[in-house]
Amino acid sequence: MSAIFNFQSLLTVILLLICTCAYIRSLAPSVLDRNKTGLLGIFWKCARIGERKSPYVAVCCVVMAFSILFMQ
């Protein structure tokens with residue numbers, strides 16, 4: 001089943017995207033900062049969410065990991 005049609009998989013993909021974009025921006029900020037608008041602006045926005053809401057994103061990652069490891 002595709003991640004689009006499975007809600008838990010979709011949440012996992014979104015969390016991984018946010019964490020990956022925030023990590024890439026911490027290593028090389030110029031890569032994401034030059035694309036603030038358009039289609040590639042989604043990655044910049046995900047990086048901003050990962051930076052500003054990092055405690056909430058971390059809690060969501062722990063909860064998602066717990067649910068994947070022990071609930072399935």
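1. Let me start with Leu11, which is found in helix H1. In this predicted model, Leu11 comes out as partly exposed, because its relative accessible area is 33%, and buried would need under 20%. Leu11 and Pro29 sit 18 residues apart in sequence, and their C-alpha atoms are 25 Å apart in space.

2. Now the overall picture. The C-alpha trace spans about 40 × 25 × 15 Å along its principal axes. Of the 72 residues, 21% count as buried. The exposed surface comes to about 5,500 Å², and carbon and sulfur atoms supply 72% of that. Among contacts with a separation of 6 or more, 56% come from residues 24 or more positions apart.

3. Back to H1 as a whole. H1 has 21 residues and reaches 31 Å from its first C-alpha to its last, close to the 30 Å expected at 1.5 Å a residue. Which residues of H1 are buried? They are Thr12, Leu15, Ile18, Cys21, Ala22 and Arg25. These buried residues pack against H2, H3 and H4.

4. Arg25 is in helix H1, and it counts as buried because its relative accessible area is 16%, where the cut-off is under 20%. Not counting residues up to four places away in sequence, Arg25 touches Leu32, Asp33, Trp44, Ala47, Arg48 and Glu51. If you are checking side chains by eye, that is the contact list to have at hand for Arg25.

5. Leu32 lies in helix H2, which covers residues 29-33. Is Leu32 buried or exposed? Buried: its relative accessibility is 10%. Leaving aside neighbours within four places in sequence, Leu32 is in contact with Cys21, Ile24, Arg25, Phe43, Trp44 and Ala47. On the other hand, Leu32 and Lys53 are 21 residues apart along the chain, with 18 Å between their C-alpha atoms.

6. Helix H3 runs over residues 41-52. Its twelve residues reach 16 Å from first C-alpha to last, close to the 16 Å expected at 1.5 Å a residue. The buried residues of H3 are Gly41, Trp44, Cys46, Ala47 and Gly50, and they pack against helix H1 (7-27), H2 and helix H4 (54-70). One of them, Ala47, touches Cys21, Ala22, Arg25 and Leu32, again not counting residues up to four places away in sequence.

7. Next, the core. How many residues does the largest nonpolar core have? Nine: Leu15, Ile18, Cys21, Leu32, Trp44, Cys46, Ala47, Val57 and Met64. The elements that give two or more residues to this core are H1, H3 and H4. As background, nonpolar side chains tend to be buried together in soluble globular proteins.

8. On the aromatic side, a search of the whole structure finds one aromatic pair. That pair is Phe66 and Phe70, and it is tilted, with 5.1 Å centre to centre and 50° between the planes. Why are Phe66 and Phe70 separated by about one helical turn? Because they are four residues apart in helix H4. An α-helix has 3.6 residues a turn, so residues three or four places apart point the same way. Phe66 counts as partly exposed because its relative accessibility is 45%. Phe70 is exposed, because its relative accessible area of 58% is over the 50% cut-off.

9. Last, the annotation. UniProt lists residues 54-71 as "transmembrane region", and the entry is unreviewed. In the model, the chain over residues 54-71 is 94% helix and 0% strand, and the end C-alpha atoms are 25 Å apart. Bear in mind that annotations of this kind may be inferred rather than shown by experiment.

Definitions and conventions:
Residues are numbered from 1 along each chain as its sequence is written. This is a predicted model: local features need pLDDT of at least 70, side-chain atom pairs count only at pLDDT 80 or more; totals for chains, interfaces and linings use all residues. Side-chain values use heavy atoms; hydrogens and water are left out. Buried means under 20% relative accessible area, exposed over 50%, partly exposed in between (1.4 Å probe, protein chains only). Contact means heavy atoms within 4.5 Å. The expected span of a helix is 1.5 Å times one less than its number of residues. Accessible areas come from the Shrake-Rupley method with a 1.4 Å probe; for residues, only the protein chains shown count as cover. Rings of Phe, Tyr and Trp (its six-membered ring) pair if their centres lie within 6.5 Å; planes under 30 degrees apart count as stacked, over 60 as edge-to-face and the rest as tilted. A nonpolar core is a set of buried Ala, Val, Leu, Ile, Met, Phe, Trp, Tyr and Cys residues joined through side-chain atoms within 4.5 Å.
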